[in-house]
Amino acid sequence: MSLIELRGVTKTYGGTTEKVTPLEDLDFAIDAGEFVALMGPSGSGKTTLLHLLAGIDQPTRGSVSIGGIDIAQLRARELARWRTRHVGYVFQSYNLIPVLTAWENVEVPLLLLPLSKADRAAKIALALAAVGLTDRAHHLPRQLSGGQQQRVAIARAIVADPTLLLADEPTGNLDRKVASATLELLQRLNREFGKTLVMVTHDPAAARYAGRIVELDKGRLVAAGGAHA
Ligand SMILES: Nc1ncnc2c1ncn2[C@@H]1O[C@H](COP(=O)(O)OP(=O)(O)O)[C@@H](O)[C@H]1O
Ligand SMILES: [Mg+2]
């Protein structure tokens, strides 16, 4: 069984007048340990699909099954708990809390888990070391470069050891060289730590770091090159 299975997923936004259906009757599976790049033009539903995988949003129809759990069936509280345990999310604009240090930003997801202070500290130190930022732990976001801020955000996304790592245009705000280093880091998290990773990008150079490239096209997913995903 695949780690992620989408069956007949349709997502429609809007009320009675102007409806938008970025995803239509989508079937898609991702195995544990895969690194999938999700491509497609602006407005094709890439972020929508990532939100469904994260349990941030619910499909209008269909099922989103992750690790055997249909997350569309969970109640809000269960879903919040599930998300904390299973999903790490990386945003294009980092979304760090400006008044917290790198260390404190990475700590945030752990505050929702039943851990001692010492256990939290060990996990934070490990995550910051994994992204190469041990020596920047006590800096505020504004004292860090864009690439370093994104690495803090990646540390925050992996610190609770989630089942699934989701990244939405993670290198969209970074210059080419820093973007490459960030993509290499994501690839290493996939290869060495076995993290299942779904990354949205519209940059073909970024997508090449993934093991599989799929494209959203008129609400459906196709393998890069046009065959069925
Ligand atoms: N919360 C929302 N309410 C209404 N329409 C939305 C919402 N989110 C996204 N959309 C629309 O759904 C379509 C897909 O958006 P999105 O998933 O953000 O695309 P992408 O990430 O590929 O650029 C767009 O037409 C967008 O305007
Ligand atoms: Mg988007």
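## A buried glutamate and its partner

Glu34 is buried, at a relative accessible area of 18% (buried means under 20%, exposed over 50% and partly exposed in between, using a 1.4 Å probe and protein chains only). Its partner in a salt bridge is Arg212, with the closest N and O atoms 2.8 Å apart (a salt bridge needs a side-chain nitrogen of Lys or Arg within 4 Å of a carboxyl oxygen of Asp or Glu). Arg212 is partly exposed, at 22%. The two sit 178 residues apart in the chain: Glu34 in the loop between strands S2 and S3, Arg212 in strand S9 (strands are DSSP runs of E with at least two residues, helices runs of H or I with at least four, numbered from the N terminus).

## About the model

This is a predicted model, in which local features need pLDDT of at least 70 and side-chain atom pairs count only at pLDDT 80 or more, while totals for chains, interfaces and linings use all residues. Residues are numbered from 1 along each chain, chains are lettered from A and ligands numbered from 1 in written order, and side-chain values use heavy atoms, leaving out hydrogens and water.

The whole structure holds 9 salt bridges. One of them joins Asp57 and Lys11, at 3.2 Å from N to O. This pair also links distant parts of the chain, 46 residues apart. Lys11 is buried at 8%, whereas Asp57 is partly exposed at 23%.

Another salt bridge pairs Asp135 with Arg136, at 3.1 Å. Here Asp135 is exposed at 53%, and Arg136 is partly exposed at 27%.
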